[in-house]
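Open the model in your viewer and keep the selection panel at hand. The tour goes stop by stop.

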Amino acid sequence: MATTTVTRAVTTRTARGGRPRTTGTPPAAKRWWRTVLGVVFTAVMLFPVYWMVNVSLTRDQDMRKSPPNLIPIDGTLHGYSTVLGQQLPFLGTSLVVGLGTVVLTLALSAPAAYSLAKLGPRGGGAMSFVLLIAQMIPAIIMAMGFYTIYVQLGILDTIWGLVLADSTIAVPFGVLIFTAFMRGIPDELLNAARIDGASTWRTFTAVVMPVSRNSVVTVSLFSFLWAWSDFLFANTLDGGGAAKPITLGIYAYIGNNNQEWNSIMATAVVASIPAAVLLVLAQRYVAAGVTAGAVKD
Amino acid sequence: MRTKTVVRIGALVAAASVVAGLTGCSAQSSGSGSSDAASGTYTFWDPYPQYDASSAWGKLVAQCGTEAGVTVKRTGYDTSDLTNKALLAGQQGKSPDVLLVDNPVVSTLAQSGILTDTATSGLETGDIAENILGAGVIDGKTYGVPIGANTLALYYNPKVLEAAGVDPSSVQDWDSLTAALAKVKAAGKKGITFSGINTEEGSFQFLPWFWGADADLTKLDSAKAEEALDLWKGWIDEGYAPNSVIQNTQTTSWQEFQSGDFAFGENGTWQKDAAKEMGAGVITIPAKDGGAAPVPTGGEFFTIPVQKDDARYATTKKIVECLSSGDNVVKTDNTLNYIAASKDLQQQQLSGNADLKTWVEAVGAARARTGDNLGVKYPVISEQLWTAVQKAESGSASPSDALQAAQQAVDDKLQK
Amino acid sequence: MTTDTTSLRPSAARPRAEDTSSSARSRRAHAQRRAQLTAWAFLAPVALYLVLFYAYPLWKNIELSLKHYTVASFVSGNAPFVGLQNFVDVFSSSTFAPAIWHTAVFVLVSILVQFALGLALAVFFHNHFPLSGLLRALFLVPWLLPLLVSASTWSWMMNSDSGIVNAFLESVGIGQINWLTSPDWSLFAVLVANIWIGIPFNLVIMYSGLQGIPGELYEAASLDGANGWQRFWRITFPLLRPVTAITLLLGFVYTLKVFDIIWIMTKGGPSGSSTTLAIWSYQLGFGSLLPDFSSAATVGNVLIVIALVVGLIYARVQRRLEV
C-alpha cells in the first residue's frame, strides 16, 4: 500500500538522524502544559532515585527513623567522603568494561544481523530462534557455567573475561535490534553498491553501517548500561583485587555483620552520574527503527 | 558522516585497549596461586570485603605470610557467597590455601570433602574452648580453628527505660521482660526490636529464645518450641515488637534501635562499640524461667582446604597459627569486636577492656549451632525453623501449625 | 521477528538472463553456494559465540538436573544419574504450585502494566514539547542503577514502620500497609518495584517504534477529521503491533528471569508468598547453608522450558501474521 512512501520516509529520516515529523505544531500554551505534566511524571518516576540520594546523606542513627526525613536534615557527607576516597579507580574499571562490552557486542551482532536480514543464510530462521532461547537462560546458570570455563582458562579476575561475560547479556538483543532495522534498508541501496563492484563486506561497512547509525547508538547504549550496572557476573567472575567494577565496590561497605547504607547509596549515586550524563547526550540518537521492517507489508 | 562514526569507534577501541592494557596488566599479575611451588603465592579467602589491603586486618594477613616465607594473596567475599565459591573452586581443583568461613558452614564444606582435618593439616587446636570449637568438630574430627566468637545479648536504652519506670536489672525471665515491654509501650515508646527474617540471621536471633525455653533443634514441634514462638508472636501482636522484624536483618534491627525509640534491641558483640557511643547498656538474654539463655556462637573459622600438593600444608599451618593465636588474634578480635576463643586470650582481652565482661560470660555459655553432632542436618533444620518463624510472625499460620509443618518438612528432607 | 528469509536473498545472486543452459545453471548454483558461504561467514562469530557461552552453561544445567548431586558429589564430580526423578520431586513439591501461580501473576501483570505505561509515556513524549528530550532521557535513569541499589531503595521506601510510602499513606488517612511483611501484599510490592524498573526499556522501544510511523498518515487522518484517540487506536496501535509483539515477548523472557528485585526485597517471603520459580531456584541452590544444586538446576530448566514454549507460540503467531 504505502510501501514506497514508507521506504522513502525511512531513508530520509535515517539520513537526517532520526528526528520524526510531528503532527503539526500545537499552540504554545498546550506545549507548556505538556511540559508541566512531563515534569510531574518524571518527578514521580525519579522519586526513588531521589530517595537513594536522601539515604546516602543520612546518618546511621536516623536510618530507621519513623517517620523518615523527607530532606536529609542533620545530613552527613561521610558516605561520599569514603566513596570518593576509595571507589574512583573502580569507576575507571567499570568504564573500561562498559566500553569493551559495547565494542564486542557491535562487532559480533552487526555482521550477524546483516546476514540474517539481507544475505538469507539457510537456517537463518533457526539461528534467530536460538538467539531468542539464549536470552531465556537465567543469569545465575550462565554465571556458574562461566565460572567453570574461566577457572579452567585462568581468566578469572580479568577485565576481558568480564567484558566477554557482560556481552552475553547484550549480543542476542543487539542482533535482534540490528536485524529488524537492517531489514528495512531498501535493497536498491545495496544493489547500487553491488553494481559498483563492492564486495559483501564492503557493502556492509560502507553502506549498511552508516545508514544504521541509530541502531548502533541504541545497541551501544543498551550494552553499555547493562555492562555498567551488572553485578552478578562481576561478583562471580571478578571476586576482588584492584581491578573490580564499581558495582562490586559496594561490597566494601557490606561487612559480614554490618552494612553502611549511606556509603552504599553514595556509591550508587556516584556510579550513576557518568552513565546519566551519557544517557542524556545519547538520547537524541536512540531510535531502534524496530518497526522499519514490520511496516513494510 | 561515515568517516566520523568510524573514527569515533576507532578512537573508542584505541582508548579502551590502552586503559584495559594498563589495568588488565595489573589484574593479571596474580597468577593461579594454588599450583605454585611451596615458596610462592598462597591464596587466602575471607568474608571481610570491608577490609582492603591497607586495613589492619589486610596488613596482618600479609605480615603472617611474610613470616611464613611466602606472599599471601587475600580476597574478601560477601559471606553468603563464600560457600558456593568455595564449592565451585573445590570442584575445579582451585581451592584457596586458607579459607575463613562462617562457622555453621564448616560442616557443609567438610562433608563436601574440600576441607582437611587437623590430622592431615597438622593444625593445633590447643586450649580453644570446647563450645566454641564445637562448630568445627564433625564425627570426632576437627576441621578448623575459630578466629574468635561473637554472640547475642540484649542491648537496652537507659533513657527509654527510665522514662517508662523500668529497672533493667528487673528483667530476669520472660515474664518480667514482657511486663517491662508493656510498661514501655504504655509510656509511648517502642518495646523491642530483633531480626526475624527468613535467612540464617533470623534463626540465629531466634535460637536464644528457642534454647531458653529448653527446646531441642531435633524436635521443632515440641511444646517448648511452641512457647518460644508464642513469645515472639505475642510481642508482635501486642505491638511490643514492630512489624518490620519480619524483614529486618541484624543491621536493620540495630538501626531501629539506634533511632532511640526502642527500649531493647537483640544484637551481637559486633555492635558493642556503637552501643557504647549511644550510651546503651547490655544484659544477657533471659531464659524462660530465669538465668541466661544459651546463645548461639557466631564467628568465623580458619579452615585449610584440600590441595593437590600436600607439601603446602606446612606453610599454610604456619600462616593460620600466626593469625589465630597470641597477640595477633587478640588484636584482630578487638578490631572485629569478637571474643577470643580460649580462656587465656579472653583474660588478655579483659585486662585491656573490662567492659567485655558480659560478653565473655555470654560466650562462655554459648553453643555451636551445628554442635551436638547436628552437622549438616543443621542447615535443613534452620531453613524450616526460619520459615516457621516467618509464618507465625506474619500471621499466615499459627505457631503450632507452623512448627509442625516445619518438623514434617525436616523429616521429609532428611529421609531422602 | 520473522523466520521467513526467502524474500531477502540478494538480487545479485539471481542472474538477469532467463538462460536455462547447464553452464548457466551451474554458474547460478555456484553463485548461490558462494552467497551462502558469505552469509554464514558473517554469522559464524555469533554462532561460535553461542555454542561456547550459552550451550555450555545450558548443558551443565541440564546435567545437574538429571543427576542427584550432593555437596560431596558436586565437588568430586561423580553423581548418580537419576533421570527425571528430580523433575518428579520438583513437580510434587508443595512449593511448586504456588511458585507457578506467583510467577504467572508476576510476569503477566508486570509486562502488561510496563507495556501500557511505556506506550502511554512514549505517546506522551512523541509530541515534542520543551524539555521533552531531557525528560525522556531522565526516565531512563532507573535503568542505570544496579539492581542491588534499586531493590534496596524500594525496600527502604516500603518498610512498614520507617518507609516513606507508609508515611505518605498515613498522612492522607490510609493506615499502615505491611508491604513487604504481609503475605497478602508482598507480591504486589515486588510487582510495583519491577514495573518501575521495566518502564524505561518499554519506553525506549515503543518510542522508537512510534518514530517509525510516518507523519503523513496522521496528517491524512486529521484531515479526515479523526481526533487524537481515534488516531491512536486506528493508526498507531495497529502499526505498532509487531513492535508490541517483540516487546511483550522480550518482556516475558526477561521478567521470567527476574530474581534480584524479589530476593532483596522479600527473599520470596513471607512464607513463600512472593516466591517465583526464579526465586525458588536460587533458594535451593544458594539460599540455604546446604546447597541443593540438582533441584535448583531442575527448577531453572522448568523456567527455560516455559520460556521456550512461549517463544514457540510467538514464532507460530508471527508466521501466521506474515502469511
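Which residue of strand 9 of chain B does B:Tyr156 stand opposite? Select B:Tyr156 and look across: the residue there is B:Phe264. Keep in mind that this is a predicted model.

Now widen the selection to the two strands. Strand 7 (residues 152-156) and strand 9 (residues 262-268) of chain B pair in the antiparallel sense, over 5 bridges. You get an open sheet of 4 strands in chain B, in the order 8-9-7-10, with mixed pairing. The edges are strand 8 (190-193) and strand 10 (281-283) of chain B. Each has a single partner strand, so one side of each is left without a neighbour in the sheet. On average, neighbouring strands of this sheet are turned by 25° against each other, direction ignored.

Next, select helix 11 (residues 250-258) of chain B. Helix 11 lies across strands 7, 8 and 9 of chain B. Its direction is at about 150° to strand 9 of chain B.

Move to chain C and pick helix 9 (residues 186-211). Of its 26 residues, 23 are buried, so helix 9 of chain C is largely enclosed by the rest of the structure. Stop at C:Gly198: a kink of about 35° lies there, shortly before the proline C:Pro200.

Last stop: show chains A and C together. Here 95 residues of chain A are in contact with 89 residues of chain C. On the chain A side, helix 2 (residues 28-56) gives the most, with 14 residues. By class, that side has 59 nonpolar, 26 polar and 10 charged residues.

Conventions: Residues numbered from 1 in each chain as written. Chains lettered and ligands numbered in written order. Predicted model: local features only at pLDDT ≥ 70, side-chain atom pairs only at ≥ 80, totals over all residues. Contact = placed C-beta atoms within 7 Å. Nonpolar A, V, L, I, M, F, W, Y, C, P; charged D, E, K, R; others polar. Expected span 1.5 Å × (residues − 1). Bend = angle between axes of the 7 residues up to and from the residue. Buried ≥ 20, exposed ≤ 12 C-beta atoms within 10 Å, placed from the backbone. Pairing = 2+ DSSP bridges. Axes fitted to C-alpha atoms, helices over the stretch in contact; angles between N-to-C directions.
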